[in-house]
Every structure is written in structure tokens, then in C-alpha cells.
Amino acid sequence: MTTVTSLTRSLREAAAQALTSGEAAVVIGYELNDGEAAAPAFVRAPEDAERLIFDESCFGNLAVYLAKEEVRRLGKLAIVVKGCDLRAINVLLRENVVSRDDLLLIGVRCSGVGRPALRKCSFCEVRDPEGCDTVVGDPPEPPPTDPGKRYAEIEAIEELSMEERWAYWQKQLGKCIRCYACRQVCPLCYCKRCIVEKSTPQWVETSPHLRGNIAWNIARGLHLTGRCVSCGECERVCPMKIPLGSLGDKMAKLVDEWYGFRSGMSADEKAPFTAWSPDDPEPGIL
Amino acid sequence: MSSYKQASEDASGWQPRIVAFLCNWCSYAGADLAGVSRFEYPTNVRIIRVPCSGRVDPMFVLKSFERGADMVLVSGCHPGDCHYTTGNYHARRKLLALREMMSFLGIDPRRFKMSWVSAAEGSKWSAVIRQITDEARSLGPFESFPTFTLQEVKK
Amino acid sequence: MNNQEVEVEEGRTLLDAARALSIEIPTLCHHRAVPPAGACRICVVEVKGGGRPGLVPACAYPAQEGLVIETDTERVLASRQMTLRLLLARCPDSEVLKELAERYNAEPLPLEQKDDKCIMCGLCVRVCREVIGPSATCFTGRGADRTVSTPYKMLSDVCIGCGACAFLCPTGAIDPAEFCTHPLEKIPNEFNCGQDFRTPIHVPFPQAVPNKPVIDKDNCIHFKTGKCGACKSICPAGAIDYDMEDETVEEKVGAIIVATGYEMIDPAVYEEYGYRRYPDVLTSMEFERMVSASGATDGRLLRPSNGKPPKSVVFLQCIGSREEKIGKPYSSKICCMYTAKHAVLYKHKVHDGQAFIFYMDIRSAGKNYEEFVRRVVKEKNVTYLRGRVAKVYPRGDKLVVRGADTLSGGQVEISAEMVVLAPAMIPSSGVRELAQTLRIGYDEHGFLSEAHPKLKPVETNTAGVFLAGACHSPKDIPDSVAQASAAAGKALGLVSHEQLTREPTIGVVNEQTCNGCFECKNVCAYGAIERKELRDRKGQLLAIVAHINEGLCQGCGACSVTCRSKSIEVQGFREDQLFAEINAVSR
Amino acid sequence: MAEFKTYQVAAGWLESVAGALREAKVDVLVPCEEDGCVDLRSNQGLQALPQGYLNTVLPVKRVLMPASEVLLEYERQSSDITLASPQEPAPETVVIGCRPCDAAALEMLDAVFEWDYEDVPYAERRRRTTIVSFACTEAHPTCFCTSVGGSPHNSAGSDVLVYSKSDGGALMQVLTEKGAAFIGKLGPAAEPTDAGPPAPPDVPEKFDTKKIKAWLDENFESDFWVDVSLRCLGCGACSYVCPTCHCFDIVDESIWNRGQRRRNWDCCSFALFTKHASGHNPRPVQSARCRQRVMHKFKYFPERFGRVACVGCGRCVRTCGVGQGLVSILAAMDKK
């Protein structure tokens with residue numbers, strides 16, 4: 001058992017308060033779990049707030065639950081969010097998945113999750129979540145590395161020759177068994193019907209062969225372009241350990257460099273695929 | 001299907017297959033003009049007419065490759081001239097994103113082309129087709145891509 | 001009056017009374033805008049009764065109850081004749097006087113002849129003082145030395161140069177430019193290619209529609225200084241209102257016909273032809289205006305350099321057209337024919353003149369066109385030279401045109417007194433912006449694109465927008481008229497129906513799978529995406545989904561591609577249809 | 001049934017037997033580690049097995065029931081359809097180094113695929129595959145084989161059970177004819193021995209399947225299901241890595257008049273799993289799907305085949321991204 005930190009204590013107080021005051025019917029947070037990742041907890045009674053924790057084991061992006069039918073049935077939702085999770089919520093707000101009024105945001109100041117801290121945490125710019133209803137925790141120390149390193153990982157892949165990249169991705173995507181953990185854990189994959197479930201026509205073949213896997217991952221990558229907030233959950237839950245995060249990062253880098261856009265930084269921005277400018281870059285267009 | 005293959009094969013055997021998505025108002029009209037103006041261009045291009053380049057879903061391009069296209073072209077109105085004002089701007093963002101992703105995955109981005117051909121540019125159309133057909137021919141069959149293949153069904 | 005009863009308002013003059021009876025009384029010094037002075041005495045009539053009998057000036061004499069007037073008694077005629085004889089002696093060349101003199105067979109008095117124009121009527125002085133205000137002019141000197149002038153005959157700085165005096169002067173004797181300190185800018189007449197000048201208030205060109213004068217605010221003295229107002233006070237119809245503003249009128253229309261016409265490429269870019277450097281090098285348009293009866297020279301063909309008729313004219317065709325490098329690759333189509341016409345006009349104006357035409361090929365396709373050209377060559381003996389001109393340069397007061405005659409295969413050098421260029425036709429400036437606003441296509445030169453070169457030559461890609469004339473391609477008048485008629489027919493066909501028939505290719509939302517994220521709304525250029533509430537039988541809100549307004553949707557499909565759950569189909573370009581096409585063409 | 005012996009082999013046995021088998025064109029699958037992911041591969045170079053690997057990411061199931069397999073190919077001309085079996089028959093295969101729990105799971109798959117009629121592609125592979133499983137030397141906190149009637153030394157489903165020794169040698173317990181044939185490949189290197197197996201590592205029991213069955217019989221309708229399934233995201237990870245999950249989907253991938261009929265893994269956690277063409281879904285929410293998964297393994301399967309459809313490998317627990325996994329649910333039921 002970990003000792004209860006002051007952060008966890010104030011988190012529990014905030015949660016209990018939200019439940020007693022009736023501001024929320026349920027608080028979505030983290031609780032202890034045998035695995036190395038804390039498990040999502042759904043606290044519906046003030047006394048249960050004691051189950052909640054927050055430490056570096058709290059990888060999960062709980063925003064994914066905001067779109068889940070049975071969770072919404074519980075009533076008004078309060079949710080524990082790290083700064084990075086908040087970016088996903090911003091996208092959900094923009095896309096009318098949830099309305100801010102139906103949502104109580106309990107922000108936690110976070111100094112990075114994972115031991116050692118995840119890559120995304122090493123240059124995190126949103127350790128202090130903005131726009132929450134309450135924020136708990138002490139001001140976090142600044143990230144060790146600068147945001148310039150944001151895309152360092154994929155730049156390594158980009159430096160490979162085309163043949164090397166193809167060999168690499170054939171091997172990686174060849175492993176995909178189409179369990180769709182990546183899709184299900186993604187806060188932004190909330191479609192009532194995923195494109196892979198559309199059979200007339202079947203743009204994406206469901207068979208876990210290379211052809212189907214490439215189609216699936218490209219489709220997913222493009223559907224998340226300009227939306228993915230690089231929370232890295234898809235990569236974390238992939239049973240086959242496919243480096244899915246780098247696909248999202250690649251497209252994040254693209255929209256960042258071409259359109260000066262970074263997803264989820266605010267709820268009222270327009271996504272790159274729904275915006276345009278006459279002088280967008282168009283390399284290679286004949 | 002084999003009948004068509006033979007049609008497209010010359011003495012040297014293999015011929016590149018190019019699938020082209022043309023917007024109805026500019027490029028399709030441009031290709032038509034190329035015809036009425038008697039501009040010549042290779043027969044390797046197979047045209048699919050869409051209302052606007054903005055109608056072209058990246059999935060269309062991908063599926064064309066799955067079905068064995070050696071090159072895919074999407075052609076629309078010049079920026080600013082879209083019949084639907086902004087369709088080609090949206091196409092530009094979405095389809096170039098696809099091309100960037102292809103390249104990241106190591107899928108040869110030279111296999112995917114975009115062009116702006118106006119209704120008045122019959123000569124440009126034939127020039128574009130001649131250029132990309134030559135390139136497709138020099139790139140050879142798109143074998144690295146996992147296309148839809150079946151063993152010959154035993155009778 | 002002349003044994004007819006007439007009644008006029010209190011304060012009106014005998015002249016008014018006479019005009020009411022349409023009895024003609026000549027006047028010189030009278031203008032309705034200026035209080036009468038009875039200065040010239042031309043308008044005298046005889047009072048027979050109801051007042052003190054005698055001769056009185058009709059323009060000034062107030063009509064009264066019971067007056068009996070005769071306008072053409074011996075006395076009246078004798079008086080007018082004498083007045084005219086006196087005036088003629090002073091101004092023998094005045095057209096107005098000569099004309100009146102004829103009517104009253106008046107010989108000039110055998111006095112020492114002057115060649116003045118001014119008849120001392122003082123109308124100019126009065127209009128300046130009593131209508132315009134500044135009193136720039138007055139009578140100076142006495143007796144024989146009496147003249148109209150500015151005080152002390154000095155340049156006047158009170159004169160605003162409105163020109164009212166010149167406008168009213170019956171004999172055209174006065175020109176404000178002579179005594180006004182601020183130089184009066186002459187405004188070039190655009191329609192006549194600046195070959196003559198116009199007033200700020202002017203009719204744009206003969207046969208202008210509407211054929212009404214306009215005030216060019218930038219040059220109007222009233223709008224510049226707040227003074228003048230001559231036109232307003234003079235206009236008999238009281239039609240002039242300085243408070244009127246330009247207004248933008250919005251109209252909802254069912255069809256638009258684009259007929260923005262053409263301009264000509266500036267031939268000055270081809271320095272070898274010397275346009276603008278040598279005054280006798282004209283464009284065909286300038287030539288056209290000059291030989292036109294309504295033009296600056298009343299149809300007289302004169303060399304701008306010396307005002308004499310040119311004894312030889314060289315016409316150069318294809319200036320900037322059929323010219324890949326610095327010009328336009330296309331043929332301007334109309335130049336061959338109008339140049340031939342111009343050559344004929346020239347021969348009509350200058351019978352002994354010589355006309356030369358440098359041409360590349362003669363494009364004379366069209367009804368009776370070829371025949372016309374043949375006639376020009378044979379009957380009018382106009383010399384056609386097949387070849388390009390290398391250089392035009394002055395020698396003495398003439399121009400030397402040096403070029404190649406590819407048929408004889410030699411260099412030719414022609415000494416010409418006038419050179420006429422036929423510049424390439426180009427679309428009117430601003431046509432690109434218009435095309436983008438109307439969402440219609442245009443080629444690299446800016447000529448608007450028809451929907452189909454054969455099957456839809458009048459339509460554009462945007463329903464309801466049609467083309468007429470040179471905005472579409474170089475065209476002559478018959479072609480333009482034909483296309484314009486076709487366009488009008490198409491437009492009428494469109495608006496003559498009760499209901500509008502639309503393309504069925506529009507988007508449709510699958511409400512089962514729509515996420516309601518409304519990203520489609522962001523990409524719709526037509527605002528066709530609406531919010532729709534889905535409710536169950538009890539009226540419980542189930543979801544808010546996208547709905548496409550069939551009237552607004554144009555079927556571009558941007559929404560369909562943007563929709564991640566693939567919940568929007570474009571009828572006629574459905575995904576399964578395109579999928580089948582992809583299967584078909586990629587195998 | 002013949003009496004099978006136990007043999008003793010010295011270090012290096014694996015290399016030699018693998019070599020011999022490949023000589024005989026037999027496909028040898030062994031656990032290999034790549035990108036931190038241990039999986040069965042036909043390891044050509046055959047470097048030493050990953051040290052102290054717990055288990056492969058995917059179970060042996062995937063050898064006998066691939067994630068995707070072609071059942072047939074067809075071509076249609078007007079009315080007549082030509083069918084063709086896709087590829088050459090499954091190759092002789094030896095799987096070396098899987099865990100007893102995975103092997104035990106094969107008996108359950110056998111039960112399903114040979115129950116009302118024989119599933120040809122599965123049976124074919126099963127016949128041609130020899131399972132040489134490695135007895136567990138240590139247990140992971142997520143293991144619970146003992147709670148579902150298994151053990152770290154469970155011999156069920158294996159043809160040979162190998163007890164590795166620290167010196168690289170091993171004790172080999174032959175269990176079937178196939179196993180004997182396998183030992184045969186080792187020749188004299190394998191000497192019969194009477195030595196008994198070492199003591200198995202301790203795996204604590206976490207619940208009682210009988211109590212759970214009893215509870216499930218009573219509680220099809222229960223708020224419990226909603227509570228335990230709130231966090232479930234409805235992905236298929238747990239089923240796809242499960243040695244006993246065997247649900248599949250049949251898809252046709254075709255181009256014009258020719259196509260391929262494939263069998264792909266499917267999962268009852270997917271919303272699409274039970275969705276009708278009408279749009280109606282008898283299992284509309286995640287709780288219903290979670291319930292189905294538990295019910296199938298611990299109620300329906302036992303009722304039909306007399307044993308639970310779970311071998312306690314613990315993969316579902318380890319794989320689940322939100323700390324779900326069967327055990328927590330079952331343990332919770334057990335408490336009731």
C-alpha cells in the first residue's frame with residue numbers, strides 16, 4: 001500500500017465535496033490495482049471517495065468514459081483530469097460529445113506519470129490544467145526536457161530510408177490482431193459506428209492481414225489527424241506492443257508544422273481538416 | 001477482368017494502371033477538352049468522375065492501391081477556382097496528409113499524385129498524364145503494397 | 001397678341017406670352033436662367049394698345065391685363081433689321097447673326113468693319129453676377145472701346161472657371177480660360193480616346209443607355225468648391241440634384257448573364273511600333289473614333305502631329321495576338337475584318353491616300369467576309385503585305401515602317417503619315433474577381449469558361465450564370481449578338497418556370513450513425529447543414545444529428561469525406577457506387 | 001493406451017531436436033522475444049529461449065486457430081460457382097515451450113471444434129501439431145490456474161511436458177504417441193529415467209468455480225454486472241489473448257465475381273458482435289457483453305462440456321488496459 005499523499009488527500013476531499021453537494025452523481029477517478037497502472041474508479045458515494053488515489057501510476061485518460069453510454073446514465077459526471085487529459089476533453093467539447101455544463105472537472109497538477117516518466121511527460125506543457133472547476137495538488141515542477149523534443153521519436157523513424165520504414169511498419173502492423181483496444185481506449189474514437197464496422201462498402205477489411213491492418217491504421221491515423229492529443233493510451237494498451245503513438249505523433253507534427261495547429265489546446269479552435277487557407281502548403285501538387 | 005488486362009498490355013507486357021479521380025467542373029472538363037482538342041495522352045489512366053476533389057476520401061485512394069492501382073491521381077480546380085469555393089482546399093489538406101502518412105509508413109508517396117487542372121487546360125491534362133505515366137512506368141509495378149490477390153481458383 | 005387672347009402668370013414677360021402662343025420672337029441676350037436686361041433689342045415687339053404705344057423688348061417687358069401686342073409689324077421688322085445691321089457690322093463672322101440676318105435680309109451697315117464676336121449683350125456678365133455670383137467679368141471701357149473683360153483686364157482669381165458665361169454666350173465670344181487664374185483642366189473624352197474634351201457634366205457617349213448626362217464628381221466645380229451650380233440653375237427640367245448619392249442596389253435574380261466585354265492590350269509594350277512615342281501611331285480604336293462622324297474631329301481624319309489628313313496609312317495587324325512570347329497565343333479574330341473596313345473608310349476620307357496592311361494571315365471566315373476583303377484588295381486597291389513589321393521610326397514629319405514582305409521575300413520600307421495598330425483583345429480587367437464571386441471558371445488569359453465547348457457554349461459551370469460576347473472569347477458583333485440572344489433565351493427558360501428543377505446529387509445524413517459532432521457544418525460552403533433533434537415516441541430527446549437542407553446543398557461531398565462515421569452519402573456519388581467504380585478501374 | 005516413459009536430456013537438446021525437425025521439413029514454433037513481446041515464432045536461428053519468460057503474448061490457440069484463415073476461395077460465373085480450398089494442407093508443426101495452461105486449453109478447443117461435427121481446418125492442424133509444453137518454474141501474481149482446476153505442472157493437452165533444469169538439461173514426460181515420436185527425434189540423447197518431477201511453484205486459489213456457477217445461475221439480472229463493467233472499454237484484447245476464447249467471424253473478401261471466405265477471431269465484448277442487420281442489438285450495453293463473457297466461460301460452457309472455459313493463465317488480467325480482467329470479477333462474485 002502506498003502512503004496517502006497530500007495530493008491524494010485533497011483529491012478525495014474534492015471528490016467527496018462534489019458528491020455531497022450534488023454537483024456530480026459520480027466521480028470518475030483512479031483507484032489502486034494489481035497491475036502497474038491504476039484502474040479507473042467510479043465513485044458514487046462520498047465515503048467511497050477514500051478509494052481514489054493519484055500518483056504516477058495514473059496513466060489512463062479517463063476522458064474516454066465521457067462518451068460511454070452506461071457511464072453517462074449514472075448522472076452528472078465529475079472527472080479527474082491531468083492537463084494532458086484535458087486536451088482530449090477540449091476536443092470532445094468542440095465536437096459536442098459532452099457539454100461543459102454537464103461536466104465537473106477536477107484537475108490534478110501532475111508532475112508526470114510512469115516510472116520512469118513517460119516520454120510525453122518529459123516535455124509536458126500542461127502540467128497545470130487550466131479551465132477546471134477545481135484543481136488539486138501543489139504547483140508541479142517544470143518538465144525536464146523542452147517541448148522542442150516533442151517529435152524526436154518519430155524523427156528517428158523519418159530518418160530511415162523508405163524501404164527501411166516499410167520493413168519496420170510491415171513488421172509492426174503485421175502483428176496487429178484487430179482487438180481494437182487502441183480504438184476503444186481512445187477518448188476521441190467515440191463514433192457510433194466505426195468506419196471499420198461499415199460493410200457497404202467495406203473500406204477497411206476486418207481481417208487481421210497486412211492489407212487490412214494497414215488500411216485500419218491509416219484510417220484511424222487520418223481520423224485522428226488534428227484531433228489526437230498524443231495521450232499515448234493506444235500504444236499503452238496494445239497487447240502486441242505496436243508503436244501506435246508514433247502514428248499519432250507523425251500527424252500531430254504535420255498539422256503543427258503545416259498549419260501551426262496543436263490539438264486540444266482550447267475547446268473552440270477549428271480542426272485542421274475542417275479549416276483551410278488559400279496559401280496552405282502544397283508540395284508536389286502538379 | 002483478364003480481358004481488360006490484355007487490352008492494356010503492349011509488347012513489353014506490363015503496363016501501369018493509374019486511377020484518376022477528377023472533379024467534375026475543372027479537371028474532368030479539362031480532360032474532355034483534351035479530347036475535343038485532340039491532345040494525345042497515354043491510355044493507362046482510368047478516370048473516376050467525382051463532383052469535387054473534396055469528395056475524394058483518402059480511403060478511395062487506399063482502396064485503389066489495394067485493388068492493384070500502380071498510381072493514383074486526384075485532380076481538381078486550381079486553388080481559388082473551386083466550383084464549390086473551398087472543396088479543393090479541403091482535399092488538399094486531407095489528401096496531402098494521406099500522402100505524408102504513406103511516406104511515414106514507407107509506402108512510396110510517389111505513387112500518389114495530385115494536380116490542379118482547369119476546364120481550359122486540356123493541354124496541361126495531357127501533359128500531366130504523360131508525365132505521371134512515364135513516372136509510373138519507371139517505378140514499375142507497385143508490388144510492395146499488399147494488394148488483393150487470390151490464387152487461381154481450381155476448376 | 002397678334003389678335004390672339006393669351007393669359008400668363010403675374011410677372012411673366014411678353015416673350016413668355018409669345019412662346020405660350022408659340023409665336024417666334026428672336027432673342028440673343030436672353031436666357032431663362034438670367035434676369036432679362038433687354039440689351040440686344042432683337043426681341044422688340046410693338047405695343048398697340050392697353051399701354052403706352054411703342055416698341056418694347058419682349059424679353060423684359062412685363063405682360064399686363066389688356067395689352068395689345070403685334071410681333072411682326074413693319075416697325076418691328078425694320079427695328080430688328082436695323083439692330084442686326086449694326087451688330088453685323090461689329091461681328092460679321094458670327095454664325096448666329098448671319099442666320100438671323102438672312103431671315104430679316106439685313107446687310108451689314110457700311111461702317112468700318114470690326115471682326116469682333118461679342119455683341120455686348122452682357123449675358124455673360126449678368127450670369128456671372130446674378131446666377132453664379134463671383135462677378136468675374138464686367139464691361140470695361142467706353143463707347144467704341146467698350147468690351148467685356150475682367151476688372152482692369154487682369155487675370156481674375158474670383159473666376160471659378162465654371163464656364164457658364166461661355167455656355168450662355170449667344171455668339172461663342174467668351175472663353176474663361178483667357179482670364180481665369182486657376183488653369184481650367186481639360187477633361188479628356190474617354191469615349192473618343194481622349195481625342196477631344198468633355199465637360200464635367202456630360203452624356204457618356206451617343207446612344208448611351210440611359211441617354212442622360214452624368215456629373216463626373218471628381219471634376220465638377222460644384223462638388224470640388226461648392227460654388228457654381230450653373231447646370232442646376234440652367235436646367236429647364238430642374239433635373240439636377242446635387243444631393244443624390246451613388247447607391248448599391250441588391251436584387252434577387254434567377255439568372256445572371258455575364259457580358260463584361262473586352263479591352264485591348266497596351267501596344268506600347270512593343271516599343272518597335274512606337275506607340276505613344278510618335279503621335280501619328282494610333283490604335284485601331286483611336287482610328288475608329290477619329291473617322292466616326294460622332295468623333296472628336298466630326299469624322300475628319302487628321303494626323304495628330306499636324307492636323308492634316310494623312311496621305312498614306314499603314315495598318316499593322318496581330319499586335320500582341322498570335323504572339324507566344326510577350327503577347328497572347330490566340331487570334332483576336334476581329335482585327336482582319338475591321339482593318340479592312342478601316343482601310344475602306346480611309347480611302348473614302350482621303351481619296352488619293354495610300355493604304356498598306358501588314359498581316360500574318362487573313363482570317364475572313366464568316367458570311368460575306370471573304371468577299372468583302374477581296375473587294376477591298378481589288379476595288380479599293382489597298383496593298384496587303386504578308387509579314388511582320390520590325391520597326392516604326394520617324395523621318396522628317398513622316399514615319400518609316402520597315403517590315404518583311406514574306407511573299408515577295410524582301411524587306412519593305414514604307415514612308416507613312418499614319419500608322420494604325422490592331423492590338424490583341426483581352427478580357428476586361430477585374431473579370432477574374434467576378435468569376436470567382438460567381439464561381440465560374442476562366443482560362444489562363446481570363447476569358448470565362450463555358451460549361452462545354454460544344455454542348456453548352458453559353459452556360460457556365462454554375463447553374464443560372466450565362467456568358468455573352470467577348471468576355472468568353474474574342475468575338476465580333478454578329479457572334480456576340482448571337483451568343484447574347486442565346487444567353488437571354490437560356491435565362492428566360494430558367495426563370496419562366498413555376499418551380500426550379502435541381503440536380504438530385506445532394507447529401508443525405510444517416511441519422512442512425514451520425515455522431516452529431518457537426519464537423520460537417522464547418523466544411524459546408526453553403527450553410528446547408530442544420531441541427532435536427534431525434535426524439536422517441538414520448539418526445540424524449542435521443543440525439544441531435546446533422547440534417548442537410550436539400551435546397552442549399554450543392555452536392556460537393558466535402559461533408560461526406562469529413563464525416564468519420566461515414567454517415568453522409570452524396571446521392572449519385574454514394575460510397576458503394578464509387579467503391580464499385582474503383583473495383584472496376586483498378587483491375 | 002500405451003505406457004509412456006519419462007526421459008532425461010542434457011543441455012543443447014533443444015537446438016539438436018529443432019535442427020532434426022527442420023531437416024524433416026517440420027515447422028518448429030518456439031517463444032521468441034521481439035520488441036519486448038514474447039510470441040511463438042518459427043525461429044530459424046534459434047537463439048536460446050527468452051530467459052524466464054512468463055508466457056507468450058498469444059496462446060497456442062493461434063497456431064491451431066489463426067487470427068485469420070482462408071476457408072475457401074470462389075469464383076462465380078452467372079449461375080455456377082467454382083469453389084477451391086485455398087492453400088496446401090497445414091504443415092507438420094511442433095510447438096516447443098508453451099505453458100501447461102495453454103496446452104490444457106487445447107482440450108477445451110477440441111471439445112468445441114469436434115463437438116457436433118468436426119471443424120476440418122482446426123482438426124487438420126490439431127492432428128499435425130505436437131505440443132511440447134514447459135512446466136512452470138515460477139508463478140506470476142496474475143496466474144490462477146489452480147482456481148480453475150489446473151496447475152503449473154498440468155499435463156493436459158500436452159504431448160510432452162518438459163521440466164527444465166537450471167543446467168540447461170531437462171526432464172521430459174512423454175504423454176502421447178506424438179510425444180513419443182518427438183522424443184524419437186532426439187535419439188540416444190534422451191535416456192529413460194525414473195526421476196520424478198520437481199515440486200510445482202505455489203499458485204494461490206482465488207475463487208471457487210462451483211460457488212461462482214451457483215451464483216451465475218441465480219444472477220443473470222443483477223446490478224452487479226453494471227458495476228463491474230463500468231470500466232470495461234469493450235475491446236477484444238482479453239478474448240484475443242485468451243487460450244480458450246474461440247468465437248469467430250466469417251467474412252467474404254471479394255473483387256467482382258471472385259473472392260475469399262475467411263475466418264477471423266471475433267469477441268463477445270464488441271458491440272458489433274450481436275448487432276442485427278436491423279440495427280437492433282440484443283446486447284446493447286457493455287454490461288450485457290461482460291456478463292456474456294463470464295457466463296459463457298463459467299456457466300454455459302460447463303453446462304455443455306462439463307468444465308469451465310478458463311485455464312487461469314492470467315493473460316486477461318495482464319492485458320487489460322483498465323485493470324479489468326476476469327479475476328477481479330470472479331473474486332468479487334466469490335465473496336457474495
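**Fold and contacts**

Guide: Chain B runs through the pattern α-β-α-β-α-β-α-β-α along its sequence; helices (H or I, at least four residues) and strands (E, at least two) are DSSP runs, numbered from the N terminus. This is a predicted model, in which local features need pLDDT of at least 70 and side-chain atom pairs count only at pLDDT 80 or more, while totals for chains, interfaces and linings use all residues. Residues are numbered from 1 along each chain as its sequence is written, and chains are lettered from A and ligands numbered from 1 in the order in which they are written.

Visitor: How many helices and strands are there in chain B?

Guide: Chain B has 5 helices and 4 strands.

Visitor: What percentage of chain B do buried residues make up?

Guide: Buried residues account for 61% of its 155 residues. A residue is buried if 20 or more other C-beta atoms lie within 10 Å of its own, exposed if 12 or fewer, and partly exposed in between, with C-beta atoms placed from the backbone.

Visitor: Why is helix 2 of chain B largely enclosed?

Guide: Helix 2 (residues 27-36) of chain B is largely enclosed by the rest of the structure because 7 of its 10 residues are buried. Among them are B:Tyr28 and B:Leu33.

Visitor: What do those buried residues pack against?

Guide: They pack against strand 1 (18-23), strand 2 (45-50), strand 3 (71-76) and helix 5 (122-139) of chain B. Contact requires that the C-beta atoms of two residues, placed from the backbone, lie within 7 Å.

Visitor: And what happens just after helix 2?

Guide: There, B:Arg38 takes a positive phi of about 60 degrees.

Visitor: Changing topic, how many residues of chain B are in contact with chain C?

Guide: 35 residues of chain B are in contact with 29 residues of chain C. Helix 2, strand 2, helix 3 (58-66) and helix 4 (87-105) of chain B each supply at least two residues of the side that touches chain C.

Visitor: Where does A:Gly221 lie, and what does A:Gly221 touch?

Guide: A:Gly221 lies in helix 8 (residues 210-223) of chain A. A:Gly221 is buried, with 21 other C-beta atoms within 10 Å. Not counting residues up to four places away in sequence, A:Gly221 touches A:Leu247, A:Met251 and B:Met101.

Visitor: How far apart are A:Gly221 and A:Met251?

Guide: They are 30 residues apart in sequence and 7.5 Å apart in space, C-alpha to C-alpha.
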